[in-house]
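Please find below a short note on the structure you asked me to read. It is arranged as numbered points.

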Amino acid sequence: MEKKSVIQVTRSIIPSLFTVMNLFSGFIAIKTALVDSNFVNAGWFIVLGALFDTLDGLMARLTHSASEFGVELDSLADVVTFGVAPSAIVYKLYFYQFETVGILIAALPMICGALRLARFNVQLVGFDKDWFKGLPIPSAALLIVSFVTFYFLRGEPSFLSHDEMSVAMFIVVIGASLMMVSTVKYETLPKFSGAAIKKEPAKFIVVLVAIILAFVTKGSAIFPFFLLFILFGLVRAIIIRLKKVIRERKASALFDEEELGKEEESTFGI
């Protein structure tokens, strides 16, 4: 009597379902932008994808089912939702008019996002991280779509002219893309546990305030929050680099003084 094959359902399917929903949200965002030219709804589908992306990591930790398969699937979904979809939005909305140059600039979020994820995967040791090297691709995508949805399409703030808003579009898209492939360190989202809250209460307060402001302002606070997040990491990296240079120069000066002292002692000893 032949044994019937049984499909085994493991705990890892739970976070994977959220990852698939993230991927599907990205597909709908691309379709909404390219076919329907509804850039506001396309942006909200990317926000929905970011929610699913957060939940899949949370579910993986709760079910203790983090795996290499989950990491790879998550990266593939992120490339679509936070790379291809934002590129499609900014191309169809604005950069199409610049022909080849516009295509290249619009493709930057997708290209730099894929490079950033590939680097992350090959450097991954363990599944819990306190920081990321380079701006996380969801953060870059939310920065771009929040600028498009709440500022560029609305023509806000009013003190900026149309030409200035166009320049801002270039800066936001190119800047967010380059920050993804940079080596600037960015902290991860706090883990939702009592121990994590006690360890890093300030981080939880910042995230909570950001979420409240996003709801109160009906989304308008999303762009300023991620802009400050990016600038904070960049400024911190510059300060750390300057301190390192100063330490190296002081050490070099001290070494030179010691060598000079040795030479003087040797000269007087002749």
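The points go from the whole chain to one helix, then to the core and the cavity.

1. Overall make-up. The structure is a predicted model. The protein chain contains 9 helices and 2 strands. Read from the N terminus, these elements follow the order α-α-α-α-β-α-α-β-α-α-α.

2. Burial and contacts across the chain. Of the 270 residues in the protein chain, 37% are buried. Among contacts with a separation of 6 or more, 76% join residues 24 or more positions apart.

3. The length of helix H2. Does the span of H2 agree or disagree with its number of residues? The helix has 24 residues, and at 1.5 Å a residue these should span 34 Å. The end C-alpha atoms of H2 are 35 Å apart, which agrees with that expectation. After H2 comes histidine 64, which has a positive phi, near 55°.

4. The buried side of the account for H2. The buried residues in H2 are Phe39, Ala42, Gly43, Ile46, Gly49, Ala50, Phe52, Asp53, Asp56, Leu58, Met59 and Ala60. The elements that cover them include helix H1 (13-34), helix H3 (68-93) and H5.

5. The largest nonpolar core. This core has 46 residues. Within it, the residues with the most contacts are Ile46, Ile89, Val90, Phe95, Phe147 and Met169. Two or more residues come from each of H1, H2, H3, helix H4 (99-123), H5, helix H6 (162-180) and helix H9 (222-268). H5 gives the largest share of this core, 12 residues. As general background, nonpolar side chains in soluble globular proteins tend to be buried together.

6. Phenylalanine 147. Which residues does phenylalanine 147 contact, leaving aside its neighbours within four places in sequence? They are Phe152, Met165, Ala168, Met169, Val172 and Phe223. Met169, like Phe147, is one of the residues with the most contacts inside the core.

7. The cavity. How many cavities of 30 Å³ or more does a search of the whole structure find? The search finds 1. The largest cavity holds about 50 Å³ of space. Its lining consists of Gly43, Trp44, Val47, Leu142, Val145, Ser146, Thr149, Phe150 and Ile222. Helix H2 (39-62) and helix H5 (137-152) are the elements that give two or more residues to this lining.

8. H5 supplies the largest share of the lining of the largest cavity, 5 residues. By type, the lining residues divide into 6 nonpolar and 3 polar, with no charged residue. Gly43, which belongs to this lining, is also listed among the buried residues of H2.

Conventions:
Residues numbered from 1 in each chain as written. Predicted model: local features only at pLDDT ≥ 70, side-chain atom pairs only at ≥ 80, totals over all residues. Heavy atoms only, no water. 1 Å grid on protein atoms, 1.4 Å probe; cavity = no way out; pocket = protein on both sides within 12 Å on 5 of 7 lines; lining within 4 Å. Points joined across faces, edges and corners; volume = space filled by probe spheres on them. Helix = DSSP H or I, 4+ residues; strand = E, 2+ residues; numbered from the N terminus. Nonpolar A, V, L, I, M, F, W, Y, C, P; charged D, E, K, R; others polar. Expected span 1.5 Å × (residues − 1). Buried < 20%, exposed > 50% of the residue type's maximum accessible area, 1.4 Å probe, protein only. Contact = heavy atoms within 4.5 Å. Core = buried A, V, L, I, M, F, W, Y, C linked by side-chain atoms within 4.5 Å.
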